[in-house]
Amino acid sequence: MAARYGRPLSVLKMRTVAGQVFLLQVAIVLLLVAAGITALLVQSHADSRREAVNRSEAVATTFASSPGMDAALASRDPSAILQPRAEEARKRSHVDFIVVMNTDGIRYTHPLPDRIGKKFVGDIGPALRGEVVTEKLTGTIGPLVQAVVPVYGPGGKVIGLVAAGVTLEKVGNVVEDQFPLLFGAAGGVLLLTAGGTALVTGRLRRQTRGLGPEEMTRMYEHHDAVLHAVREGVIIVGGEGRLLLANDEARRLLDLPPDVEGRQVAELGLDEPTVRLLASGQMVTDEVHRVGDRLLAVNHRPTDRNGGPPGSVTTIRDTTELQALSGRADVAQARLRLLYDAGLEIGTTLDVLRTCEELAEFAVGRFADFATVDLVEAVLRGEEPRATGAGADMRRIAVGGTGDATAHFALGTTIRFLPTTRMGAGLGKGEGILEKDLASYSGWEQQSPERAAKLVEAGFHSMIAVPLRARGAILGVAMFWRSRTPESFEEEDRSLAEELVARAAVSVDNARRYSREHTMAVTLQRSLLPRGLPEQDALDAAYRYRPAQAGLGGLGGVGGDWFDIIPLPGARVALVVGDVVGHGLHAAATMGRLRTAVHNFSTLDLPPDELLWHLDELVARLDAEESGGDDGQVTGATCLYAIYDPASGRCTMARAGHLQPLVLHPDGTAFFAEVPGGPPLGLGGLPFETLELELPRDSTLVLYTDGLVEDRDRDMDEGLTLLRETIAGRPERSPEEICEAVLGALLPERPRDDIALLVGRTRVLSSKRVAEWEVPSDPSAVGEVRAEVARKLAEWDLEDEAFTTELILSELVTNAIRYAIGPIRVRLIRDRALICEVSDHSSTSPHLRQAASTDEGGRGLFLVAQFADRWGTRYTLDGKVIWTEQPLAGAE
């Protein structure tokens, strides 16, 4: 290359760019080495002085602190003791002198014996005050550094001074001994740097082809002239997205500003597709871009191939002859955009009706003037549709658009398309039907001639009907109409409508299947919940249950909330509210199992804390069983269990991770009962505690699940406050009215969680319906109890029950006197049944058994079980209660 321009390849002349770079690098390296050596020399002098200071201070301090120093100074001849020690220390520490002196500065030691007894030369005042003095001075032996330190006596008083000094020459010799190594290293660095520079220079020479600066300038000017003279735009973009070069044609075609070089591509004001292309590393060949009113054919290549620099080069040319192609590209792009938007706006919920409405709303204004959607009746019910929709009843469920809507079938109308028409035939085949000119009445009017005449009269001139088809089955039909738009539908429009409806059909089918599954789950859940309130006289109760809204991104649907009112012996009643974590069939099935378990445990008449403990063990076992399954689902649940006794008016409650119940007193005061909090069911290891409240007559107890008070638009504290404010101050409202008021104030528009609400207003048994007796532990007292019971039954007009009741109480009281610990109490309650209760302080429970013919006893409890409708044992804190129930004819 150099010979081409008439120049010999002479490195010595250094005319090439590589040679000049070599000389410049060598000069820089020499300057750096010289600067480094100078810095090392200056540093060595500084290090010498620092070393002298450190050595003199260390030696003086060490010698002043040596053992026996204070005794030697206090002796009659300190010099005789300290002079040999000082000289030995001086030689070992490589200092020039160690001088020991008294507080007046008179020397006791010195390397020159004739100076002993003379005054020390230097400042000793700070040392007498306990400080260390370091000085640089010039003595008889040359420039030196000396340090003076105090010597302390036993009482901390300065009793003498020690000075140590070293000349700078002695310390500097150590550093200067390293100069040969230093200069050798500098020379080695210089050689290595020169060698590396030679290698870099060689590579640079190969890259520049041995050209000199003038030759490279001339070549650049030549290339620049050619670059800006061609009629094709050239753009070079660096790896950081900055524009490095744009020729004149590129500036003209893209309307680039003058100061374009060095700016980010995104700042050039180009359209977004062009910016993405210029900043990308992809290869593009003849891709058409519209910039303003021009159509540009763009070729784009990355420059980092085969070891090139990062970035890209783009060439563009004006292709106005491709205008027709641009039109088709615009149409295709508009269709793609329409279908893309349809995917975003149709099928936003798992609701069949709403999905069809979204299809009609989307088509109007973008594709048609009017749109209708009809679905097969089976699809609306969530059932599997038939393979063909021909001849099937369809219902119009979505209408949208402008024009005379009365010309179309109204919402809710049932339509059956005739198989003999083009519409019916196309529906059977799953094909779309295009009617370009409705006024020609080409056969489409046979479905309903009167309706067809109204449509043409209303201005509808073109129509496309497309079946909603999914998984080979016809779900319905979507019809698109034009009235105000003058252009009729074309074949391309039918193709677009088929693609649009096909996407909507998938969403409709998904919504249908989800609705079917949701309906099944809701049916299951409702079958597991109470279908009515049991007969009992302890509470006036009402309840509400609201499932979560279906189709909320998987968060809605069936949940595991449940409630119960369970009559208990002794006219008592249990109120239960629980919540299983999660949604779906698993949560509903788990809820059913837990509700059944609560019913079974309640038959044992357990107190609330013990019942929750048993329920907690059950949930833990369920978790252990299910953790080894494929789904790996783990049960989590909360529960609140309360027992209300109308005879005493007391309510005992316990909770496992559940929210506090709300209590409304007859005076209108509302508060949350502070039931001790227990862990959610299934955690295990912690006991449950109870709270016992005395509720006046007509008090209201409100139990609920978290779905009532918690919502995405408000936190739980706000919901609890709103619940209390809604209930407080209105004690006259019935439980039904309270339920309606609470749901009206707190129910979200689209609940994302199940809601269970249970409201009970307390009743208190009249004292006239309860009788109690204290029974002594004496068999003779049984007769007295029987007589009292007979009188009370006569007072209640229950003489017919006297014999049975006396027999039952005789057996129970006799057993209590014989086997239990007193005191013994008998309580008789007249409720829906006649309830007999015998309580004692023994925890031993009687057992029913079959007595042999030779046994003298063992038949008493058997007789009780035969005469009583129900009987059982209830344990208390101080003993047990054995109870029986006898049905009463005509009891309210």
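Predicted model: local features only at pLDDT ≥ 70, side-chain atom pairs only at ≥ 80, totals over all residues.

Residues are numbered from 1 along each chain as its sequence is written, and side-chain values use heavy atoms, with hydrogens and water left out.

Of its 892 residues, 46% count as buried, that is, under 20% relative accessible area with a 1.4 Å probe, protein chains only. Among contacts (heavy atoms within 4.5 Å) between residues at least 6 apart in sequence, 61% join residues at least 24 apart.

Next, select L468 and F480, the residues with the most contacts inside the largest nonpolar core, which has 56 residues; such a core is a set of buried Ala, Val, Leu, Ile, Met, Phe, Trp, Tyr and Cys residues joined through side-chain atoms within 4.5 Å. Helix α15 (residues 491-528) gives this core its largest share, eight residues. Around F480, residues up to four places away in sequence aside, the contacts include F367, F370, M463, F489 and V501. A second, separate core of 52 residues includes A538, I566, M591 and L606.

Now show helices α19 (residues 716-727) and α20 (residues 735-746), which pack at an angle of about 140° with their axes 10 Å apart; the axes are lines fitted to C-alpha atoms over the stretch in contact, and angles run from 0 to 180 degrees between N-to-C directions. On the α19 side select G719, L722, L723, T726 and I727, which meet I738, A741, V742, A745 and L746 in α20.

Which strand holds V576? V576 lies in β18 (residues 573-583), and V576 is buried, with a relative accessible area of 0%. Among its contacts beyond four places in sequence are W562, I566, C639 and L758; the C-alpha atoms of V576 and C639, 63 residues apart along the chain, are separated by 7.2 Å.

Finish at S280, in the loop between α9 (272-279) and β7 (284-291), where S280 touches H300 and S312, not counting residues up to four places away in sequence.

Definitions and conventions: Helix = DSSP H or I, 4+ residues; strand = E, 2+ residues; numbered from the N terminus. Buried < 20%, exposed > 50% of the residue type's maximum accessible area, 1.4 Å probe, protein only.
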